[in-house]
Amino acid sequence: AGPVEPPKLLTQSLPVEPGEYLYAGESPESGNFVAIYPDEQTVRSLKPDFARLAGMNGRGLAATAPGQDCDFVSRYFVPSFGIDEDPVTGSTHCILAPLWAARLGKADLLARQVSRRGGELRCTVAGSRVLLSGQACLYLEGWIRI
């Protein structure tokens, strides 16, 4: 993830301006924006304009901040895919864990996604990989015949 000048649509979608914006993706047409806030309470209380965020054409927004009783917190919004807020997002933590590992100077992190349902993830940055663990609930089971 690297620093980026956010598109106007993104800045208009957020009621609170973050301290910095980063972008993680192969190109400007895909990937995720990261909004870094100074504290957990700001991330918890965010009420983005989902209609505007939906206009970002497949790009999501991860809002993150240092945690009060964990290393970092986050929320993930991607209304252009029909998901205003994803409850717990492993793939986003593969972006956020290296970011916070570098800032906090540690490879093993405790993360909390503070959506309404929420969840806790243990993240380990191991070179170019991120190992994630935590509890999950089976919600769907199916079979595919080839």
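The legends below describe close-up views of a predicted model.

Local features require pLDDT of at least 70 and side-chain atom pairs count only at pLDDT 80 or more, whereas totals for chains, interfaces and linings use all residues. Residues are numbered from 1 along each chain as its sequence is written, and side-chain values use heavy atoms, with hydrogens and water left out.

**View 1. The largest nonpolar core and Y37.** The largest nonpolar core comprises 19 residues, and L10, Y37, V43 and L61 have the most contacts inside it. A nonpolar core is a set of buried Ala, Val, Leu, Ile, Met, Phe, Trp, Tyr and Cys residues joined through side-chain atoms within 4.5 Å; buried denotes under 20% relative accessible area, exposed over 50% and partly exposed in between, with a 1.4 Å probe and protein chains only. At least two residues of this core come from each of β2 (20-24), β3 (32-36), β4 (60-66) and β5 (72-78), and β4 gives the most, with three residues. Helices (H or I, at least four residues) and strands (E, at least two) are DSSP runs, numbered from the N terminus. Not counting residues up to four places away in sequence, Y37 touches L14, V16, E17, P18, T42, V43, L46, A63, T64, A65 and P66, where contact means heavy atoms within 4.5 Å. A second, separate core has 18 residues, among them Y76, A101, A111 and L121. In soluble globular proteins, nonpolar side chains tend to be buried together.

View 2. H93 belongs to helix α4, which spans residues 90-104. The relative accessible area of H93 is 0%, and the residue is therefore classed as buried. Apart from neighbours within four places in sequence, the contacts of H93 are F72, S74, P98, A111, Q113, L121, C123, V130 and L132.

View 3. The whole structure contains seven salt bridges, each defined as a side-chain nitrogen of Lys or Arg within 4 Å of a carboxyl oxygen of Asp or Glu. One of them joins the side chains of R52 and D49, with an N to O distance of 3.7 Å. R52 is partly exposed at 36% relative accessibility, and D49 is partly exposed at 30%. Another salt bridge joins D71 and K106, at 2.8 Å from N to O. This pair links distant parts of the chain, 35 residues apart: D71 lies in the loop between β4 and β5, and K106 in the loop between α4 and β7 (108-113). D71 is buried, with 16% relative accessibility, whereas K106 is partly exposed, with 35%.

View 4. R112 is located in strand β7 and is buried, with a relative accessible area of 18%. The side chain of R112 forms a salt bridge with that of E120 at 2.4 Å, N to O; E120 is partly exposed at 40% relative accessibility. Salt bridges that share partners unite D69, R112 and E120 in one network. The side chains of R112 and D69 also make a polar contact of 2.6 Å. A polar contact is a pair of N or O atoms within 3.5 Å; within protein, one must be able to donate a hydrogen and the other to accept it, and residues adjacent in sequence count only if both atoms are side-chain atoms. With neighbours within four places in sequence left aside, R112 is in contact with R44, D69, C70, F72, V73, S74, G119 and E120.

View 5. A pair of aromatic rings is described by the distance of the centres and the angle of the planes. Rings of Phe, Tyr and Trp (its six-membered ring) pair if their centres lie within 6.5 Å; planes under 30 degrees apart count as stacked, over 60 as edge-to-face and the rest as tilted. The count of aromatic pairs is three. The F50 and F77 rings are tilted because their centres are 5.9 Å apart and their planes stand at 50°. F50 is in helix α3 (residues 50-53) and F77 in strand β5, so this pair ties together parts that are 27 residues apart in sequence. F50 is partly exposed at 26% relative accessible area, whereas F77 is buried at 1%. The F72 and W100 rings, with centres 6.0 Å apart and planes at 10°, are stacked. This pair links strand β5, which holds F72, to helix α4, which holds W100, across 28 residues; both F72 and W100 are buried. The charged end of R103 sits over the W100 ring, 5.9 Å from its centre; the criterion is NZ of Lys or CZ of Arg within 6 Å of the ring centre and within 35 degrees of the ring normal.
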